[in-house]
Amino acid sequence: MGNKTLAQVIYPDATLPTDTPRFFAEGLLTDGLSNRDFAISPKGDEIFYTLQQPRFVTSTILHLVKNNGKWSKPQVAPFSGRYKDLEAAFSPDGQMVYFSSDRPTASNPVKKDFDIWRIKRKPNGTWTEPENLGPIVNTDKNEFYPSITHSGNLYFTVEADYGKGSEDIVICKPVAAGGFGKPESLPEDINTKYDEFNAFVDPDEQFILFSSDGRPDNLGRGDLYMSRKDKAGNWKPVKHLPQPINSVAIDYCPFVTWDKKYLVFTSSRLNKGLINGKSKNYGQLKELLSGAGNGWDDIYWVKFNPDW
């Protein structure tokens with residue numbers, strides 16, 4: 001079920017990507033600060049991403065809106081800014097946004113772990129107050145990186161005692177009254193003894209993109225991997241995405257645009273100017289270290305290849 005209404009979506013970047021990853025909206029979303037994860041609405045008129053202070057001192061979801069064909073500058077999302085929030089994801093109808101947060105709950109006013117929360121769009125276009133998804137989905141350990149599908153299935157990362165590694169990817173299927181059933185771990189090869197995290201699941205659930213750290217073919221501190229479903233609905237063996245998608249840095253937070261043309265992801269890979277072996281003066285160093293590619297997280301995009 002492709003979304004044909006997004007064929008003419010206007011991104012806040014006038015230059016569409018090729019097969020080689022490039023910065024996404026350099027100077028706007030990719031600016032030398034630590035920017036990570038990405039979600040655009042099904043209509044193509046809203047973007048969420050996360051601005052973090054390195055070492056995770058702060059984590060704030062930022063918001064851009066497109067009006068009359070022009071994108072606004074980033075602003076703190078109306079539901080963010082007080083607690084550590086990250087990894088917003090739209091539901092396929094655009095009426096809900098799921099995200100991860102360490103904000104307190106009524107039963108836990110001094111919360112230290114991260115849960116999955118959601119907001120719902122009101123008839124006037126504003127958002128409801130964030131709602132915690134409750135104790136079936138959330139535990140006293142961390143839950144991260146939600147991804148919601150047309151069927152209502154919710155995928156996310158857990159740090160669970162039942163996991164195959166310290167981080168695994170699970171699915172919660174919808175139940176009556178808008179809730180979710182108990183998390184089910186995705187099968188072997190997706191989840192391993194290594195760390196698997198930050199899964200983007202195709203809204204039609206035909207493929208999954210995720211990060212893993214520790215596998216023998218890993219190039220850096222985490223690489224992107226992909227699995228597709230066979231005709232019987234089973235996940236096929238995982239494929240390691242090729243270079244230059246993956247790098248010796250961490251590559252994670254995948255998002256595929258609704259028309260399935262582009263992959264947007266986060267990477268901490270370095271600007272080649274920093275590692276070209278040439279001597280640099282203070283002005284050159286300051287410019288390189290103040291811009292994208294300075295070793296903090298940056299947002300990249302590249303053509304999505306269905307044959308990966």
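How many helices and strands does the secondary structure of the protein chain come to? In this predicted model, the protein chain holds 1 helix and 21 strands. Its radius of gyration is 19 Å, close to the 19 Å that the globule rule gives for 308 residues, so the chain is as compact as a globular protein of that length.

When contacts between residues at least 6 apart in sequence are considered, 50% of them join residues at least 24 apart.

Charged side chains come next. The protein chain carries 37 positive and 39 negative side chains, and the centres of these two sets lie 4 Å apart. The count of salt bridges comes to 13, and a few of them can be followed in the structure.

One of these joins the side chains of Arg103 and Asp85, with an N to O distance of 2.9 Å. The pair links distant parts of the chain, since Arg103 sits in the loop between strand S8 (96–101) and strand S9 (115–120), while Asp85 belongs to strand S7 (residues 85–90), 18 residues away. Arg103 is buried, at a relative accessible area of 9%, and Asp85 is buried too, at 0%.

The side chains of Asp204 and Lys260 also meet in a salt bridge, at 2.8 Å from N to O. Asp204 lies in the loop between strand S15 (195–201) and strand S16 (207–213), and Lys260 in the loop between strand S19 (251–256) and strand S20 (262–267), so this pair ties together parts that are 56 residues apart in sequence. Because buried means under 20% relative accessible area, Asp204 at 19% counts as buried, whereas Lys260, at 29%, counts as partly exposed.

A further salt bridge is formed by the side chains of Glu184 and Lys173, at 3.8 Å from N to O. Glu184 lies in strand S14 (residues 184–185) and Lys173 in the loop between strand S13 (168–172) and S14, so the parts that this pair ties together are 11 residues apart in sequence. Glu184 is partly exposed, at 37% relative accessibility, and Lys173 is likewise partly exposed, at 40%.

Finally, salt bridges can also join into a network, as they do where Arg36, Asp37 and Glu87 are linked.

How values were computed:
Residues are numbered from 1 along each chain as its sequence is written. This is a predicted model: local features need pLDDT of at least 70, side-chain atom pairs count only at pLDDT 80 or more; totals for chains, interfaces and linings use all residues. Side-chain values use heavy atoms; hydrogens and water are left out. Helices (H or I, at least four residues) and strands (E, at least two) are DSSP runs, numbered from the N terminus. The radius of gyration is taken over C-alpha atoms; the globule rule is 2.2 Å times the number of residues to the power 0.38. Contact means heavy atoms within 4.5 Å. Lys and Arg count as positive and Asp and Glu as negative; His and the chain ends are not counted. The place of a charge is taken as NZ of Lys, CZ of Arg, CG of Asp or CD of Glu. A salt bridge is a side-chain nitrogen of Lys or Arg within 4 Å of a carboxyl oxygen of Asp or Glu. Buried means under 20% relative accessible area, exposed over 50%, partly exposed in between (1.4 Å probe, protein chains only).
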